[in-house]
Amino acid sequence: MIDSSRYPALGKLLDGQLSIFPEHQSYLERRFADADQAHLELADQISDLITRIAHDHLDEIFEDYKWLTGVFVEEEVYFRRNGTYRLSSFEDAERTVYVDPVYMRKYMNGLLASEVWWHNHTNAIGFYKETFLDCLPGSSRHLEVGPGHGLLLYLATQTERCKSLTAWDVSAASLTNTREALSAMGVERDVKLEQYNIYDAPDGEFDSIVFSEVLEHLEQPLEALHVLRKLLTQDGRLYVHAPVNSPAPDHLYLFRTPEEVVSMVEEAGFDVVETRFYPILGVPLERARAFDLGISTLVVATPSEGA
Amino acid sequence: MNRIGILAQLEGLIRDLFDEYQGPVTEDLSAHDVEQWDSLGNVQFVVLIEKTMDVRFSTEEMASLSNLGELMTLIERKKSL
């Protein structure tokens with residue numbers, strides 16, 4: 001499927017995943033069939049990070065990814081039948097997903113693996129590196145809200161452009177996971193991990209803010225973007241990743257088109273600098289639009305003049 | 001609706017949904033023959049059938065069908081209930 005001598009971490013991950021989930025063979029063959037060298041190098045780097053985070057429980061990650069694909073099929077069926085996400089309130093998501101540590105661990109493990117098994121997730125990380133991190137001015141005070149598995153935050157620690165690093169999450173357990181992941185990936189820089197609800201954010205000033213796969217978990221995403229606008233310096237840059245038509249057990253806010261995401265960012269007082277739309281399974285964008293398929297929508301923005 | 005009519009309806013859905021597939025649509029056709037017929041495509045296909053033919057499938061039924069012929073038999077059974 002891939003040349004394991006050139007991409008050893010990816011090769012090892014593929015072998016492990018297929019030993020536990022052999023039914024995924026044809027999908028993964030298609031997923032990497034047209035991948036160019038740059039994409040494979042990125043997938044190999046992400047695989048190495050996943051391997052470091054997993055340490056001695058890689059098999060658990062593979063099992064949980066397999067479980068997650070089943071969960072997502074169930075959510076997809078609901079979405080296709082009803083045209084909406086199953087949940088619409090944070091209270092429901094908390095009751096059915098967030099309070100269950102066993103469920104949450106499986107869910108987070110499965111999502112971690114998806115960073116390399118899903119085209120759109122791998123491409124999103126590539127875009128984040130090249131179009132956001134590599135274009136930050138030096139000495140940026142960097143904030144990530146909702147760092148999750150810590151991959152994006154790790155990449156921020158690897159650039160000198162980020163002078164200071166802060167991450168906020170509403171969940172103490174999630175912050176513990178992020179801290180452990182950063183340690184497993186070998187981060188030695190100081191990263192402030194603080195427990196805050198975005199709606200009760202303290203005063204602060206940041207030059208770069210990352211808000212990746214959080215908007216869809218909120219009942220009032222526009223309000224959250226307004227908060228980020230206040231926290232971002234006038235010359236600062238915002239990175240947003242929000243999925244469109246992407247049912248999941250804890251997704252609340254349904255964006256039906258990439259343009260809805262872009263418009264919301266603009267409405268919150270930002271000028272959009274760059275966008276990328278990466279459809280699920282690597283299908284062409286036109287097909288994704290025609291059939292209301294999932295599209296990872298990425299936006300880099302700066303504060304509007306006078307906003 | 002007879003079996004020929006069901007197959008004709010399914011062919012219409014397949015041609016729309018899996019538009020890259022140019023081969024014949026017969027009772028032997030399966031997801032292995034159609035590149036776009038992946039797990040997500042399968043959900044889309046089955047829910048489209050539900051909406052156009054007024055039937056309902058369980059998740060287990062969705063996952064267990066091995067070819068169009070089996071799907072047609074299941075539709076016939078559900079329509080006759």
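How many residue pairs are in polar contact between chain B and chain A? The count is 6 residue pairs, both at pLDDT 80 or more, where a polar contact is a pair of N or O atoms within 3.5 Å, and within protein one must be able to donate a hydrogen and the other to accept it, while residues adjacent in sequence count only if both atoms are side-chain atoms.

Let me say at once that this is a predicted model, in which local features need pLDDT of at least 70 and side-chain atom pairs count only at pLDDT 80 or more, whereas totals for chains, interfaces and linings use all residues. Residues are numbered from 1 along each chain as its sequence is written, chains are lettered from A and ligands numbered from 1 in the order in which they are written, and side-chain values use heavy atoms, with hydrogens and water left out.

Staying with the two chains, the contact (heavy atoms within 4.5 Å) takes 17 residues from chain B and 12 residues from chain A. The buried area, meaning the accessible area (1.4 Å probe) that two parts lose on being put together, summed over both, is about 1400 Å² here, and carbon and sulfur atoms give 60% of it. On the chain B side, B:L40, B:V43 and B:Q44 lose the most area to chain A, together 36% of what that side buries.

There are also 3 salt bridges between chain B and chain A, each being a side-chain nitrogen of Lys or Arg within 4 Å of a carboxyl oxygen of Asp or Glu. One of these salt bridges joins the side chains of B:D38 and A:R30, at 4.0 Å from N to O.
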